[in-house]
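Reader: I'm new to this one. Can you walk me through it?

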Amino acid sequence: MNARKTTPELLGAEGVDTAVLTAVLDGSRTEIPQAQFTALCTALRVTPEQIAAREDTAPVAIVQSAQDMHATRRPIQRAGIHFYNYYTMAAPPGRVAPVILDILCPADTLPTLNNGHLEPAITINLGPGRIHGRWAAELDDVTWRVLEPGDSYVEPSYCPHTYGLVDDTPARIVSYTGVSNLARLLDETNVWQDPAAEAMLTDLDAVPAVSAILRAALRRRACDADGAGRLAGVSAEHISAFCDGKTDSLTLDELRELGAALGFDFRTLIEPVRRRDALGKTHLTAAQSRASTRTFASYTAASAAMTPELPDLIGVFLTVDGEADGLDLCDHGENHYLVTEGEPTLRWQEPDGTVADAVLGPDGTAWLAPFVAHSWSGSGSVIKLGSGDHLGYLDQIELTNTFDPVATLRRGRRDAHGWGYEPSKGS
């Protein structure tokens with residue numbers, strides 16, 4: 001209602017029962033008859049999902065024993081053979097969880113490719129055996145590779161992938177198919193007319209993405225290179241060269257000046273560091289992971305494969321040895337944990353301030369909500385995985401642009417203020 005600058009009275013003229021709507025707004029009613037709900041959605045031009053109720057509170061932690069995880073087993077047939085067993089790790093209902101796969105394709109069979117998917121993924125070979133990874137029809141050093149126990153890699157969107165055994169030694173992987181930041185854009189473009197979608201693709205295909213973004217920013221603001229250069233005090237020749245694909249033509253200071261003068265975020269014009277292979281994959285061997293070993297809080301940590309191009313997708317190996325110094329872990333994003341060795345104790349803080357705990361053995365899993373303090377104690381090893389399903393990379397970028405982010409977030413949480421000059425009953 002606020003975004004569309006309308007009131008209960010105006011919606012009443014569109015067929016919405018004003019008394020019912022007012023009761024919902026002041027909190028005395030939580031349900032609307034179906035006919036009224038349909039009229040409300042039509043008047044506001046929203047889908048039912050946009051204003052339907054969600055759970056008032058989310059869980060802070062979910063733990064799952066190895067027995068419960070094994071009970072999620074789903075055998076998968078592919079190419080006429082028992083190809084995988086899938087198991088699902090702990091997560092709240094409706095959330096994407098990491099999966100564990102038994103790799104069953106025998107060594108003498110070339111594993112059948114899947115079609116890939118929008119969501120990027122981080123994958124770790126849990127061993128004990130080696131596996132073949134396959135990522136394309138034609139086999140070469142990039143598309144056909146042995147993954148040793150402890151090796152990990154990140155795959156981009158729509159990268160076909162499959163796995164098979166190298167010998168008779170059994171092997172498993174854990175794979176986390178994370179949230180794609182392109183999902184919202186793709187949902188939007190699915191309803192565009194074909195010429196508009198093709199125009200977007202043509203624009204991006206002509207030059208590097210950062211060059212296309214600058215060209216789009218200039219067009220949107222009715223500027224050519226000369227006009228933008230005069231406004232920002234930047235060489236028009238440098239701007240033109242950047243727009244034509246020469247992405248080193250503008251210095252960081254010149255990008256800043258352009259953004260300040262024209263009102264766009266210059267950071268969208270900075271290319272990330274690239275460490276991917278020809279298919280967009282980023283690999284890290286077990287030896288490279290061991291070389292990253294460091295102390296963090298009361299743990300020994302080592303990195304799994306990660307890439308700046310997918311900053312929400314993380315994987316970390318943690319060794320637990322002794323008692324934690326309080327609840328010494330707390331992240332801005334959700335965490336999924338898989339116990340791989342030992343029987344460490346997970347502790348976490350409940351909303352009332354009490355501390356709960358659970359002992360998990362190998363194949364035990366846990367999910368922790370963002371900003372929930374927790375710790376691991378005892379002896380064992382765990383793998384920590386995360387993506388951007390909560391406070392992610394795009395949220396962080398937006399927060400750095402937001403005027404007084406703390407005040408904005410504090411006001412916006414469960415905001416009941418109306419947009420008019422008179423406070424609503426729920427304010």
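Author: Start with Cys105. Its sulfur lies 18 Å from the closest cysteine sulfur, that of Cys159, which is too far for a bond. Keep in mind that this is a predicted model.

Reader: Is Cys105 buried or exposed?

Author: Cys105 has 0% relative accessibility, so it counts as buried. Cys330 is partly exposed, with a relative accessible area of 43%.

Reader: And how many disulfides does the structure hold?

Author: The count is 0 disulfides. A disulfide is a covalent bond that joins the sulfur atoms of two cysteines.

Reader: New topic. How many helices and strands are there?

Author: The chain has 14 helices and 19 strands.

Reader: In what order do the strands of the open sheet run?

Author: The order is β2-β3-β4-β10-β5-β8-β11. That makes 7 strands, with antiparallel pairing. β2 (74-78) and β11 (282-284) stand at the edges. Each has a single partner strand, so one side of each has no neighbour in the sheet.

Reader: By how many degrees are neighbouring strands turned?

Author: On average, neighbours in this sheet are turned by 25 degrees against each other, direction ignored.

Reader: Show me one pair up close.

Author: Take β3 (residues 81-88) and β4 (residues 99-103). They pair in the antiparallel sense over 5 bridges. Tyr87 stands opposite Ile100 in β4.

Reader: Now a helix. Which residues of α11 are buried?

Author: Helix α11 covers residues 252-262, and its buried residues are Glu254, Leu255, Leu258, Gly259 and Leu262. Seen down the axis of α11, they fall within an arc of 135 degrees, so they line one face of the helix.

Reader: Why would residues spaced like that point the same way?

Author: An α-helix has 3.6 residues a turn, so residues three or four places apart point the same way.

Reader: What do the buried residues of α11 pack against?

Author: Their partners are α8 (209-220), α9 (225-232) and α10 (236-243).

Reader: Which exposed residues are on the face turned away?

Author: Asp253 and Ala260. After α11 comes Gly263, with a positive phi near 80 degrees.

Reader: Last one, the whole chain. How much is buried?

Author: Buried residues make up 39% of the 427 residues. The chain exposes about 23,600 Å², and carbon and sulfur atoms supply 52% of that area. The C-alpha atoms fill a box of roughly 70 × 60 × 50 Å along the principal axes.

Reader: What about contacts between residues 24 or more positions apart?

Author: They account for 66% of the contacts with a separation of 6 or more.

Note on methods:
Residues numbered from 1 in each chain as written. Predicted model: local features only at pLDDT ≥ 70, side-chain atom pairs only at ≥ 80, totals over all residues. Heavy atoms only, no water. Buried < 20%, exposed > 50% of the residue type's maximum accessible area, 1.4 Å probe, protein only. Helix = DSSP H or I, 4+ residues; strand = E, 2+ residues; numbered from the N terminus. Arc of directions from axis to C-beta. Contact = heavy atoms within 4.5 Å. Pairing = 2+ DSSP bridges. Axes fitted to C-alpha atoms, helices over the stretch in contact; angles between N-to-C directions. Areas by Shrake-Rupley, 256 points an atom, 1.4 Å probe, with all protein chains shown as cover. Disulfide = S-S within 2.5 Å.
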